[in-house]
Amino acid sequence: MPDGYSTAVREVLENPSFIRQSQCDSLQCDPNLLNFLVRHPEVMVNIWELIGITNISAERTGANTFSADDGAGTKCNCELIYSENDLHIYYGTGLYDGILVPRTIKGRVVCVLRSNSRPNAQSHSGHLIDGTMDVFLRVDNLGADLLTRTLGPMVGKITDHNYQETSRFVCQLSEVCAKHPQAAQSIAGQLNVHHESVRNEFAAIAAQISLQRRQRISAQNRTDTASPIAGSDSGATLREALGSVQIATLPDVVPSANLVTASAAQASGKSTGSTAESSRNVNSNATASDTYSTTIRSGASQGVTPKMAGLHFRR
């Protein structure tokens, strides 16, 4: 890790306000493409922008750093502090200033992404990948920390949902690269990147995915049955091939009014009683909130209804 980050990471891991592990199994995805997008998340967000499915923004700010804004009150600055083929660790600082809380919440996050690739002849990429994402969030003031712990179960569902949606999109992009190389190269040409080397790397990975698929088909004496996509089309046809992404944001959570009222009071310092009593109330609310039906508004992005229990989308 870069100098100075060991202490910062340890502070988050030793006293987190929120912990969540999300998992995706048997992803049909090229490992090199997955690693590229993990290291360059702004490229994936840019592709979403190109096909018109998100208002989230992400911008490269340095060799290993980027900033992001979900358009709903959450902003962050993140740095990739450890990277190898099957393990990536991000450290970030950020804030939330939106409708759920009476004042700005600031916090720090450690995100650990692991992947395990194995050969699979039936996959378009020749691989299946199992992935996990561990999120450790530390909020930097007591009232907001209590709010985070109270809303934890619902925020956890959103974390799982966004990880599933993002993973699904990466698989769909990998399939487009494999089966529709002209469309993939068209995407590469339209990327809004700060360094031409990033565009070239994406284009080279996309071309390699397609080449390897054709080589596997030839070795198996099979016929390529993929239907072509117009290379210049970044609109409806390409959106259909890539699918849609429904990324949930923090304000999209609509829990019961009582829970929001109690949490806001705690966050603004209006709650009374001892710290121990407050902690007992938070634990009680967190347990009870598991029974609430979490609603997510469609908001910034338009997409398919997610197949996750407990998440409902308003149209």
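Biologist: Which helix and which strand each supply at least two residues of the lining of the second largest pocket?
Modeller: This is a predicted model, in which local features need pLDDT of at least 70 and side-chain atom pairs count only at pLDDT 80 or more, while totals for chains, interfaces and linings use all residues. Residues are numbered from 1 along each chain as its sequence is written, and side-chain values use heavy atoms, with hydrogens and water left out. A pocket is an open set of points on a 1 Å grid over the protein atoms alone where a 1.4 Å probe fits, with protein on both sides within 12 Å along at least five of seven lines, and its lining residues have an atom within 4 Å of a point. Taking helices (H or I, at least four residues) and strands (E, at least two) as DSSP runs numbered from the N terminus, the elements are α3 (41–50) and β2 (57–60).

Biologist: How much space lies in the second largest pocket?
Modeller: Its lining has 14 residues, with E42, R60, N192, V193 and H194 nearest the centre. By class, the lining divides into 4 nonpolar, 6 polar and 4 charged residues (Ala, Val, Leu, Ile, Met, Phe, Trp, Tyr, Cys and Pro count as nonpolar, Asp, Glu, Lys and Arg as charged, the others, Gly among them, as polar). The volume, taken as the space filled by probe spheres set on grid points joined across faces, edges and corners, is about 240 Å³.

Biologist: Within what arc do the buried residues of α1 fall?
Modeller: Helix α1 (residues 5–14) has Y5, A8, V9 and V12 as its buried residues, where buried means under 20% relative accessible area, exposed over 50% and partly exposed in between (1.4 Å probe, protein chains only). An α-helix has 3.6 residues a turn, so residues three or four places apart point the same way. Taking directions from the helix axis to the C-beta atoms, these residues line one face of the helix because they fall within an arc of 95°.

Biologist: Which strands do those buried residues of α1 pack against?
Modeller: Packing here rests on contact, meaning heavy atoms within 4.5 Å. The buried residues of α1 pack against β4 (74–84), β5 (87–96), β6 (105–119) and β7 (127–139).

Biologist: What relative accessibility does S26 have?
Modeller: S26 lies in strand β1 (residues 18–27). Its phi is positive, about 55°, although S26 is not a glycine. S26 counts as partly exposed, with a relative accessibility of 38%.

Biologist: What distance separates the C-alpha atoms of Q246 and T166?
Modeller: Q246 lies in the loop between α7 (236–242) and α8 (257–267), and is buried, with a relative accessible area of 0%. Q246 and T166 are 80 residues apart along the chain, and their C-alpha atoms are separated by 8.8 Å.
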